[in-house]
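Dear colleague,

I am handing over a structure that will be new to you, and I would be glad if you kept it open while you read the notes below.

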Amino acid sequence: LAAYAPMFGNAESSLNQWAVDMMYYNNTELVRSANYYVQQLFMLNQGKYLLDSELTYSDGVGSTYKIVGASNITVDKLFTVVSKEAGTGDIIVKIVNASPEDIALNITLSDVSAAGKVTITELQNDNPEAVNTLGATAVSPVTSRANVGSNFGYLSMRYSAAVIRIPVA
């Protein structure tokens with residue numbers, strides 16, 4: 001569950017109390033903010049069970065860190081949560097890269113095998129201050145699918161939030 005306030009702001013007013021509203025509107029249009037899309041992405045990809053996981057840089061440079069909940073992270077501005085969905089058994093990897101650098105990761109599954117294509121949904125813009133406005137969408141979800149094995153690489157783009165949904169056998 002998440003509560004997000006403020007929810008709405010008038011797109012044509014300079015009198016909005018906050019600059020981080022979830023949606024902006026005028027008489028005929030509604031604009032969903034990057035904040036809206038992050039909340040939607042994480043809400044649609046909830047896992048019931050938190051999993052122990054380990055993520056490493058794909059080039060072997062940098063720190064290897066173990067994630068248990070949100071502790072023991074030794075890499076600044078890269079945040080991950082790995083969980084399992086109760087109904088489908090899908091493994092859900094959420095990655096937020098708040099740094100100005102792309103970060104290459106290896107993802108290795110142990111004790112399970114990927115079954116079918118993974119779904120990757122990403123929100124990203126090279127400008128961390130980019131906003132969606134009437135007539136211009138700077139940040140919105142982009143979804144792709146890929147075949148992977150039990151070990152695969154992922155490039156976490158700078159200033160991004162992503163969900164990798166892995167169906168398992």
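Two strands are taken as paired if DSSP finds at least two bridges between them. The model is a predicted one, and in it three strands form an open sheet, in the order β1-β2-β3 and with mixed pairing. Because β1 (8-10) and β3 (30-32) each have a single partner strand, they stand at the edges, and one side of each is left without a neighbour in the sheet. From one strand to the next, the twist averages 25°. Strand β2 (residues 23-25) runs parallel to β1 and is joined to it by three bridges, with Y24 in β2 as the bridge partner of G9.

Strand β7 (residues 78-84) pairs with β8 in the antiparallel sense over seven bridges, and F79 stands opposite V96 in β8. These two strands, β7 and β8, form a hairpin with six residues between them, and in the turn G89 has a positive phi of about 80°. Strand β13 (residues 160-166) is also joined to β8 by seven bridges and runs antiparallel to it; here I164 in β13 is the bridge partner of V93.

As for the aromatic rings, a search of the whole structure finds one aromatic pair. Y36 and Y37 form this pair, which is edge-to-face, with 5.4 Å centre to centre and 80° between the planes, and both Y36 and Y37 are buried. Elsewhere, the charged end of K94 sits over the ring of F42, 5.0 Å from its centre.

Terms used:
Residues numbered from 1 in each chain as written. Predicted model: local features only at pLDDT ≥ 70, side-chain atom pairs only at ≥ 80, totals over all residues. Heavy atoms only, no water. Helix = DSSP H or I, 4+ residues; strand = E, 2+ residues; numbered from the N terminus. Axes fitted to C-alpha atoms, helices over the stretch in contact; angles between N-to-C directions. Phe/Tyr/Trp six-rings, centres within 6.5 Å; stacked < 30°, edge-to-face > 60°. Buried < 20%, exposed > 50% of the residue type's maximum accessible area, 1.4 Å probe, protein only. Lys NZ or Arg CZ within 6 Å of the ring centre and 35° of its normal.
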